[in-house]
Amino acid sequence: MSQAEKSCATYEETQIMNRSVVHGSFTLTRVYDAPFARVFQAFANAEAKAKWFEGPPGWKLIKRGFDFREGGREHVSGRFDNGTVTSFDCVYHDIIENERIIYSYVMEISGRRISVSQASLQLKPEGKGTKLVLTEYGDFLDGYDDAGSREHGTGDLLDKLGKSLQA
Amino acid sequence: MLNYQTPLDLAFQALADPARRSIVERLTKGPASVSELAKPLPMSLPAVMLHLKVLEESGLVKSHKVGRVRTCRIEAQPLSQAERWITERRQMWERNLDRLGAFLDDTKPEQEP
């Protein structure tokens, strides 16, 4: 096998082993007992958003940047106790006050890009409250091995359980 | 050898039934109590619980009981890696949207109807 063939085989192997793009989408719906303007502000105002938008339990904020306007960017990065660093980089494409936010974002885990997604968030009045519909389409990349997030996922469930018991 | 069943075999068997598929489909939208799962199904609660037992044995569904309420959720492990990714991302947003709800409750102004 020539050197060129060898490097080609290595390249193909690498492709098979490590490179993949999986397409996925999901929709989440929530109804909040708050008028849509207040729900919208929780997405639009830096201080308000920082109160609820963060990583799972055990995750500590490293850096946060927020520029909420069309073309503006948001960045949230943090670290788990085991050293894993997550980063969320978002660009806002379309914003209609109190109604709609369309954005795309890249997620990285310890410097590895794991997904590129586009999402739309729609707010609709429902009774005295607000119905929120979040739909995301994503390209999930390169055999992302979940970096312990299942463990964190379990933590989330326990966290939710704790919260429901307090209620 | 005939008794040997891979997690995938069990998952396929579990999903061979339309009622169980509808339960799984419901659970992909988030955790639910047994009575919530039973509500849209044209069968008795004990029948639903039998289906849940099959789903739990296949590893597709996990449940836990708090007080008198048994809550079921999808267990991501037997799903393909692709589905796991998506489930995890969905969990990230579910967690944040739950926290948004708590934030909205905490900051509710007194004059709000």
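Strand 4 (residues 85-96) of chain A and strand 5 (residues 100-109) of chain A run antiparallel and are joined by ten bridges, where two strands count as paired if DSSP finds at least two bridges between them, and where strands (E, at least two residues) and helices (H or I, at least four) are DSSP runs numbered from the N terminus. This is a predicted model, in which local features need pLDDT of at least 70 and side-chain atom pairs count only at pLDDT 80 or more, while totals for chains, interfaces and linings use all residues. Residues are numbered from 1 along each chain as its sequence is written, chains are lettered from A and ligands numbered from 1 in the order in which they are written, and side-chain values use heavy atoms, with hydrogens and water left out.

**Hairpins of chain A**
- Strand 4 and strand 5 of chain A form a hairpin with three residues between them, and A:N98 in the turn has a positive phi of about 70°; within this pairing, A:C90 stands opposite A:Y105.
- Strand 5 of chain A also pairs in the antiparallel sense with strand 6 (residues 112-126) of chain A, over ten bridges, and A:I101 stands opposite A:L121.
- The hairpin of strand 5 and strand 6 of chain A has two residues between the strands, with A:S110 in the turn at a positive phi of about 45°.

**Aromatic contacts**
- Over all chains the structure holds 14 aromatic pairs, counted for rings of Phe, Tyr and Trp (its six-membered ring) with centres within 6.5 Å, and classed as stacked under 30 degrees between planes, edge-to-face over 60 and tilted for the rest.
- The ring centres of A:F88 and B:W93 are 6.4 Å apart and their planes stand at 65°, so this pair is edge-to-face.
- Because A:F88 lies in strand 4 of chain A and B:W93 in helix 5 (residues 81-106) of chain B, the pair joins two chains; both A:F88 and B:W93 are buried.
- One aromatic cluster includes A:F88, A:Y103, A:Y105 and B:W93 among its members.

**Sheet of chain B**
- Three strands of chain B form an open sheet in the order 1-3-2, with antiparallel pairing.
- Strand 1 (32-33) and strand 2 (61-66) of chain B stand at the edges with a single partner strand each, so one side of each is left without a neighbour in the sheet.
- Strand 1 and strand 3 (residues 69-74) of chain B pair over two bridges, and B:S33 stands opposite B:T71.

Note on methods
Buried < 20%, exposed > 50% of the residue type's maximum accessible area, 1.4 Å probe, protein only.
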